[in-house]
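My notes follow in the order I ended up writing them.

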Amino acid sequence: MTQPFRTSEGGRIDRQRPIAFEFDGRRLTGCHSDTLASALLANGVHLVGRSFKYHRPRGIVSAGAEEPNALVTIDRGNGRITPNLRATQAELYDGMRARSQNRFPSLSFDLGAVSNAISPLLSAGFYYKTFMWPRSFWRHVYEPAIRAAAGLGRAPAAADPDRYLQQYMHCDVLIIGAGPAGLAAALAAAARKARVVVCDEQAELGGSLLTENSEVEGKPASDWLVNALHMLRDADVMLLPRTTAFGWFPGNMIGAVQRVTDHLPDPHPRLPRERLWHIRAREVVVAAGAVERPLVFSGNDRPGVMLADAARTYLLRYGVKVGSRVVVAAESDSAYAAAVALRQAGIAIVAMVDRRPAASDVARSSGLPVRIAASIADTSGSLRINRATLSNGEKISCDALLMCGGWIPTVHLFAQSREKLRFDEALQAFLPGVWTGHARCAGACNGAFDLTACIEEGYAAGGANGQPQRARHPECAPALPPSVHKGMAFVDFQNDVTIKDLRTATQEGFRSIEHVKRYTTTGMATDQGKLANLNALAIVADLLHQPIPRIGHTTFRMPYTPVTFGALAGSARGDLFEPVRRTPMHDQVAALGAVFENVGTWQRARYFPQGSEDMHRAVARECRAVRNAVGMFDATTLGKIEVTGPDAAEFLDRIYTGSLSRLAPGRCRYGLLLTEAGYVLDDGVIARLGPDRFHVTTTTNGAASVLHHMEDYRQTEFPELRVWLTSVTEQWAVIALQGPLARQAIASHVQDIDLAPDALPHMSVREGHICGVPARLFRVSFTGELGYEINVPADHGPMVWQAIHAGNVTAYGTETMHVLRAEKGYIVVGQETDGTVIPSDVGLGWTIGREKPDFVGKRSLARPDMLRHDRKQLVGLLSADLLEEGAQVISDGAGIGHVTSAYWSETLQSPIALGLIAAGRSRIGEILHVPMPDRTIAVRVTDPVFYDRQGARLHG
Amino acid sequence: MLLIDCPWCGARPENEFRYGGEAHIARPQDAASLDDAAWTAFLYMRNNPKGRHAERWRHIHGCGRFFNCLRDTVSDRIEATYKPGEPAPQ
Amino acid sequence: MRFSIFSLLRHAIGGTPWPEQWRSPEPKAAYDVVIIGAGGHGLATAYYLAREHGIRRVAVLERGWLGGGNTGRNTTVIRSNYLRDESAAIYEHALKLWETLAQELNYNVMYSPRGVMMLAHSVHEAQVFKRHVHANRLNGVDNEWLTPSEAKAFCPPLNISPDLRYPILGAALQRRGGVARHDAVAWGYARGANALGVDIIQNCEVTGISRMPSGPVNAVETTRGRIAARKVAVVAAGHTSVVLAMAGVRMPLESYPLQALVSEPVKPVLPCVVMSNSIHAYISQSDKGELVIGAATDAYVSYSQAGGLHVAEHTLEAICELFPTFRRLRMLRNWGGIVDVTPDRSPIIGLTPVPGLYVNCGWGTGGFKATPGSGHVFAATIARGEPHPIVAPFALERFRTGALIDEAAAAAVAH
């Protein structure tokens, strides 16, 4: 084991289980339970990345989610490449291959660092002030260069083969954070028999207890931890390690993401990579801890400069020394705990640089070489710090510099709950303000930094009463506001925001903290400013001579840490993205060679090519079959609603334009529905099965919205009507038989319905049996031919389809259906209409029951614009060439309408089209023009009915 | 995701429901006698308040019924739900 | 001071401080025009009032910080390939102004005409987009139809496999469409308006609109006192209903949360803007490298600037389906704006029933792209007291007559 900075004992890593890994192609060894960061540090590697803007060399700063610098790409092979992962959170596994980012050609020699040399030019907002001349250069020269320089890691080039799951959970108490406060809260909640869930972002539960060497409730911290976890498991508390609660949504819903396989060298293929939890909790206890506040001084970004508590964590948890000669810059007593721990491990603490004006008790008793009222003025070293210069001019050589500016309570999730924060002057940080009973905070995120206080707060927060004790924070000295220095003193490491940038922004009038954030990009990096925001705020407050609470904080928004797109998308991919709806006859139809199209969520047969037929020839053949013989069509996707009750007819009278109460049982009528604003909403056939029972059809896509529309009126406007609505769309399989031979095609299959034209005329309906199964037989037509629509229970659809198809009937698809209906001038809602069309526009004014006092949409039809004479009206368009749907129609150079449908009419042996043309009905006979990119096509305006205008064939 | 208390089914997540716009806008009984301005007010004009809002929801993936809901449009907290025809709680 | 590489050099070498981009003045007692709302549209209106109409006694009042509403919260898509003639006219007017806006304002707003591609996933959608293409050509608006392989060539990461649940049958491409840096638009107009004498007054919330007994407006009441005004223009996206209620005007508006999100930054991978109406998502990549993703609004009226997780999830389902290589990228930030939506999804611009009171609102999810055009024609409307020809069809009156300008309806799908 060649890990020069690994201690010989201590920590929670397993020295007996070495782990081989690669960083930038270099083979290294770590230990089981290492993170990538701790393993790199054990090997003496501090330089891990380059900054976003200046490409400055950067090292590991922290040991957790707040890490701004140590971003790497982890490559698990084709498609499994993940950029921008924090090395401080990436658990080491055997064979891990990690790469640094944002450098070329290599991490130690990066050409991008030229931007560091011209950094004075690149101050906050520089790009708003230049790159404007010449105008075309932005798009073609400047922007591509800027884009190429920005961007951190590379997106994977291959599709992600991993799976992601989502799971839902309900509990009484959700505890976020399994440190001392969180575990105490869990124990208290479990004791009152609540259903408890504990989640923690780390691999191992315990939080600060994992690096605690003092006693808790009279026993060593590690024993207390073991005992607590044991008790929680016994109480059936659900413990979720590696699970980050990232968002708080209305109604106490917490989003959390659990990393399932990223730490495994060879995960079982059935495991999801991540699992996204939606947790609905009666109460939430946030025990998310705190992160240490960095210091802002010139050269504070060199590799080797890191947070003091991170150094302590690397030592006590991972058995890693972050250096041999260490300078500590302290603005808080907790720095001394870290320094003492490091000294005990044999690391030389060469200076304790304490900026506070007087030595605290802790400082005096530490026995460390303390420099009181001193601070760091500058650092040097190219790829690693080698010297610190103090404010008094003293130069100290070192290989690590630890900084401790106090603590930043992790109030992120609490703030997302839309509760208010308050600024704590003693702590110089934001803490949870007043909270309701459903959102509680305990421990360091609540401002308690003493272990005993954390545990007491935890017990209180998990208890039935839930009002936690407000512990003080006696051992945490107040953080001093950062002093303003010259040189490059970084506030936001990843985005390279310096004190100078903040000053520039405020000088230029950007005084709101939101403006400063946006102008300088401070806090907008992938760490979301976990380390930067409070320092930025303090500096801006100082620059503007205003107290911090006056400046306020930027809004805390989800996610707390970045969440994989795949986890948010869950299993909704491929076939499950939006499940396809198929009709009961799908397999039969597919067996006939159907080419399908998506219609809403359905798949419908578009045409049935035979041999080498293309769509045009197949459709022509299908059209001939229907016009000359008989065709069959799967019409199951049409929406179907059964309307029943003594007032069903009255209800339909109010909903549809027509008078349905006058419809005789056994008869059908075309029905048109309007929105209350008078626009065509949907259409279909209304069949009266009995005095109190109607079978209503809708368009394929209108099924759900029409039912909703009807339910709205039924329940809220006409509650006095005794009428009930049932969706029966999937109850019935529907086969349309259309053509002069339709009667013969079905006659032998229909058992107990008289098909004679007088007994079953056009627009009528009978119930009976077809192929031995119960059926509703409609005599209706959407082609202009003699036609039937057979409705049978869905499960029997395939059998009936097969039986009828066996009689030499040609199957046709939606394309032929469209051609045939267009030849007859029948509209398709959504094609001839577009939500701005009223009945008279499309020649359906006749559907309106003039004697009815009211129906939905009637009043709106009397508005001035609806009465205009130059509204666009449906007409036929004849031309020598086939038109394109959507093409514009012009008259004297001005657009007056468009082509809604255009087909080759096999029946007429000519192109036909329908269009909506201003005052179209008065233009019949006129020649208009359709401009195309390469030519202009002359069209003659005609009546929209091209075929059998008398309707003789319908009544055959 | 809101947690909405259907008066018939109890508390359910928002994705079982469909929003139905502002509540207590009754369709005029005698629409034909209204002038265009009054009809427009019914069709389109909305309170859209910042704060307490009476609104309709339908438990479309549950019992299918419409009901009314009082919600604060700033905090999104739901104060009450009640059946159609019942007055809004004060 | 003019911004240029030379001024940057001078400041870099000399170290002299930059001047303020705008003042923070105390409100005066009276102005010719008071604009309520210092978003992009409001600031642009002030800028053009001063620059083109010589009206410089103008105040722009802002409750919070300028550009802090939807201007700073949108996904910055710019295009003008709208279907209706009225819509195409105003958005194309805006697009022409975008093309020279950086030079006009001496502020790099980073207008990047990288192309906006709208995907068609069904036969019907293809028809609808072709109708757009034809209508746009007639109106002189660039928009072209691409086959799936042409779409793939323009945007290489696109998945054009015919086996997709929603296969790509083609796309409408507006090459002049693109994106811009949203904050810079607000800042650039603010700096420009400030230089022409306009007072931009932040942290000044309007609490009342005062009218003379005879009806016309004469002042606004604010948290910083009463400010007299001959004309008052409300440009308070999201909050229009609340502000106009102070003048007793009811509006056909509802305010909905609209969420957007960005990924962590990655090296350039997506060269253009891609929109998909049928699976409800749009995406582009910022100059910083973040994928910028938007979706439909949340379902209910809200002023909370936050929405449900399921909305973001649904958006990312769609994005991952279109771009399976993005599945391992991570959502970095999610935020919400408040959009006010009209019954026909088109804006309301112009006069109100109250003399002297003007409104510009209802842009829904699409207002950013219109910013320069909207400000330009609204300024003309305020200056002349009558609608500019481009805004005339967008009058509030259209809801009474029924002459709606319904863009969304054109995408209606049914068979």
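**Salt bridge notes**

I started at Glu397(C), which comes out partly exposed at 40% relative accessibility. Its salt-bridge partner is Arg400(C), with the closest N and O atoms 2.7 Å apart. I looked up Arg400(C) too, and it is partly exposed, at 28% relative accessible area.

A reminder to myself: this is a predicted model. I checked the confidence for chain B, where the mean pLDDT is 95 and 100% of the residues reach 70 or more. Among the elements of chain B, strand 4 (residues 52-58) has the highest mean pLDDT, 98, and strand 2 (residues 10-13) has the lowest, 95.

Next, how many salt bridges are there over all chains? I get 88.

I picked out Asp262(A) with Arg273(A), where the closest N and O atoms are 2.9 Å apart. Both residues sit in the loop between strand 14 (253-259) and strand 15 (274-286) of chain A, 11 residues apart. Is Arg273(A) buried or exposed? Its relative accessibility is 2%, so Arg273(A) counts as buried.

Then I went to Glu926(A) and Arg923(A), whose side chains meet in a salt bridge at 3.3 Å, N to O. Arg923(A) has a relative accessible area of 17%, so I put it down as buried, the cut-off being under 20%. Glu926(A) is at 30% relative accessibility and counts as partly exposed.

Last entry: I found a network of salt bridges that takes in residues of chains A and C. It links Glu514(A), Lys517(A) and Arg518(A) with Arg181(C) and Asp183(C).

Definitions and conventions
Residues numbered from 1 in each chain as written. Chains lettered and ligands numbered in written order. Predicted model: local features only at pLDDT ≥ 70, side-chain atom pairs only at ≥ 80, totals over all residues. Heavy atoms only, no water. pLDDT = per-residue confidence, 0-100. Helix = DSSP H or I, 4+ residues; strand = E, 2+ residues; numbered from the N terminus. Salt bridge = Lys/Arg side-chain N within 4 Å of Asp/Glu carboxyl O. Buried < 20%, exposed > 50% of the residue type's maximum accessible area, 1.4 Å probe, protein only.
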